[in-house]
Amino acid sequence: MQAGSLVTSTVQAFTSRVLVNGVGREVESWSIGRDLQGDLPSGLGGGNGVTQATAQVTWGANKSVQTNHNPWNPSTGWTPMPGDRVQIFVSDGVTEWVQFTGAVDSPSGEILSSHGASLIDDIDKLNEPVNYPALLATMPPLNNSPSGEFFTHRFPGIGAAFYANLAARVSGFYSTPNRVSDTILDCPMQGSMMPLVGDLLTCSAGTSTTQPPLTGFTSWGDVIGDVSARFIPATPQSDSPVQISLMIAPTHNGTARVEATLGAKVLVLVAGPSTISAEIDGSQVASVPRNGAQNLALVFRDTTCELRTNTGGLATATISNGALSSAVTLVHLTGDATTRVAGLQVERPQGAGFEFRQISFSPTYSFSFGTSRVFTASALPSAKNVPAIELLQDISDALMTPTWLDEAGKLRTASATALYAGPTVATLTTLDNILGMEWSNDLLMRRSKISAKYLLPVVSQRRRYAVTVFKGESEALQEGDAHEILIEPEDGEDWVMVDPAGNTIGPSGWNSAAVNAGDGNVFGGIYTDGTNEQYANLTSQNKLVHTYTKLDHDSFKYKATAQGLEPGYQVETRTLSPNFTGVTALWLSWWGENLPIIRAKGKISWKETIKAPVDTGAPGPAYEHDFGAWATGSGVQETNIMSTLIDGIAQIASAGIPRVDHLTVTPDPRLQLGDRIKLSSEDFLGVTLDAVIVGINSAFSDSYTQSLSVRILGATTTYTTYEEFNAAGGNLTYEQWQALGPVSETYEEFNDSTQN
């Protein structure tokens, strides 16, 4: 529900204004329709998980005026253009509330009559492509050196919320600040600790090196606590100032530290329960009171540092830095169990005008996934050029998490669990607010059995590049022949961290130890005349030129070209034949292998699996829900999410609660989709209904009208039947109960008494 109090009056008077590209335009009428369907599966009275708001506007204040408006002659008057930005507001005379934000879709008109336009919200922004590699709850090490300092598994936590947030970000909707060209680290911490700019070096809970950080929730989405995570920022970097920014939730009551290492310096932002401070090499140089701040930013320059918060906190200090010519090589985030942070960014802003942009940030995307908590998936598939709306639709349909744009143009995603558990924001009564109600009760809302299918991830992973994901065929290449291979996962599988380089067999100093250990890609071939054979890539002669090009996160192109061949010889893309008699560092177990061999640190095979049905005991056909890859859980929780959602579906399917498709009410411009309300009619209908708004239709012309569609969550009757009375201990016969009064009357007797 939008904020603000509604003026109450016997005769409610509302006014409206419409802005087109920021300019007020007179209107004769408008109507707006919006709905929210994905809180239930389409087979149980729900529908499309991503929905669009639409509107119609008729321009001009006086109906009786006939016009010659047309789009060809501007002198006949103003006519909107497709794409013009539109906002519609309603006011009660004291407070104004936005009702629609979007654009002109299709202006139209009739000569000597009216002209108008259809409007759409910004759902078209969700057509941007999403690309991100597959993820594992336990990610392999970032580096590939067993002797390295951080050759350890990473526990970033993953869940559907990560991909939903990613889809929103590529479309221009942000739960945490967006990145810019100066950003060298961007970790929204929404659904996962995997960064969108930079690399994750280590990650775990602060209190356990084998568990992901703690996840909490706030108004914009997720917040993180009990965390220790190291990041490697992106390169190249300028030698401009270093800025560290962070978001903290109102529930933050711990201490979070962000340490940025560049050269010999460690620059630190500290977010405590009551104080925000800056440190250099362990010494505090500036601080401000927290004062309810949500957005923090700290800029280190050569001789000064400046700390700001969105609530007006400001502190500066003179420092001796001298490290800005160095790159930021490591960022370390730590937080205790009561820390609640998100939106970590590190930047090298090139100019004062690019500093502190995060301070004024306000989220344009928010989500709550309820039981579909972020750190509960064991694996998630890659997204490759998937339109954001399709990705959101897939997640919404699987997890019953509808997505919609609200009146102000803010994108929202909320699970059915979160919607149904929300606070009651209004009570509508048949005495004061409810003018009409249409209800229905369909058999298809009741199902005898609820079953589910889902994609089970079968995972093979190593700390090194030791999972073979692709093998080429042995090709015979003559002089000048070129052979190209497209290397990518087959349908039903994903690759995790494919080796970006590899080893070529044969040249002087080639890494035979890695090849023999099955570590990394293997390239090359054999130069042979059918009897004699040697490596095609020798230091003394190179008979095979090959390239390995990355196309996207898990697709590559390999090209091999034969050159400088002697008569009677050819190049074959394989290792040594089993009957080779010469001396080689290649182990016998690797002889006879076709090349190239492509390896990764992990491979996911997705197996469609059927979960045993739940018998609801209700009439109606069976229903099967498709969870896809979004609800498998992690470890001992593997099917907890799915079981919880299936149980919820079964409760709805067995109860068969009638729905209210059309509820005419006295208008309230504050009401929004997803609001939980009560419908109270204790004396007239004898019930109080607990409901969630899933549709709003509003119109304005001579008057302001509104109707709702609501999902009924539960009903409480206020009447007592004879059986209920007797069961409660009345122990009276019907005749004895009637004799207690009031005296029964016929309709005619009642009518006579009310008229006299």
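Reply: A residue is called buried when its relative accessible area is under 20%, exposed when it is over 50%, and partly exposed in between, with a 1.4 Å probe and protein chains only. This is a predicted model, in which local features need pLDDT of at least 70 and side-chain atom pairs count only at pLDDT 80 or more, while totals for chains, interfaces and linings use all residues. Residues are numbered from 1 along each chain as its sequence is written, and side-chain values use heavy atoms, with hydrogens and water left out.

Me: Is serine 698 buried or exposed?

Reply: Serine 698 is buried, its relative accessible area being 7%. It lies in strand β48; strands (E, at least two residues) and helices (H or I, at least four) are DSSP runs numbered from the N terminus. Contact means heavy atoms within 4.5 Å. Leaving aside residues up to four places away in sequence, serine 698 touches Trp30, Ser31, Ile32, Tyr704, Thr705 and Gln706.

Me: How many residues does the protein have, and what share of them counts as buried?

Reply: The protein has 756 residues, of which 50% count as buried. It contains eight helices and 49 strands, and its C-alpha atoms fill a box of roughly 120 × 65 × 65 Å along the principal axes. Among contacts with a separation of 6 or more, 71% come from residues 24 or more positions apart.

Me: How should I read a sheet, and in what order do the strands of the one containing β29 stand?

Reply: Two strands pair if DSSP finds at least two bridges between them. The open sheet in question has three strands in the order β25-β29-β28, with mixed pairing. β25 (365-368) and β28 (403-405) are at the edges with a single partner strand each, so one side of each lacks a neighbour in the sheet. β25 pairs with β29 (residues 411-414) in the parallel sense over four bridges, and tyrosine 365 has leucine 411 as its bridge partner in β29. Helix α1 (residues 160-170) packs on the sheet, touching β25 and β29, and its direction makes about 165 degrees with that of β25. Axes are lines fitted to C-alpha atoms, for helices over the stretch in contact, and angles run from 0 to 180 degrees between N-to-C directions.

Me: Why is α1 described as largely enclosed?

Reply: Ten of its eleven residues are buried, so the rest of the structure largely encloses α1. Phe162, Tyr163 and Arg169 are among the buried residues. Just after α1, glycine 172 has a positive phi of about 95 degrees.

Me: Which way do the residues of strand β13 point?

Reply: In a regular strand the side chains alternate between the two faces of the sheet. In β13 (residues 222-225), Asp222 and Ile224 point one way and Val223 and Gly225 the other, and all are buried. β12 (residues 214-217) runs antiparallel to β13, joined by four bridges. The two strands form a hairpin with four residues between them, and glycine 221 in the turn has a positive phi of about 150 degrees.

Me: Which backbone angles deserve a second look?

Reply: Most residues other than glycine have a negative phi, and most peptide bonds are trans. The bond from threonine 235 to proline 236 is cis, with omega near 0 degrees, and proline 236 is in the loop between β14 (227-232) and β15 (242-248). The bond from leucine 595 to proline 596 is also cis, with omega near 5 degrees. Asparagine 385, in strand β27 (residues 383-387), has a positive phi near 55 degrees and is exposed, with a relative accessible area of 52%.
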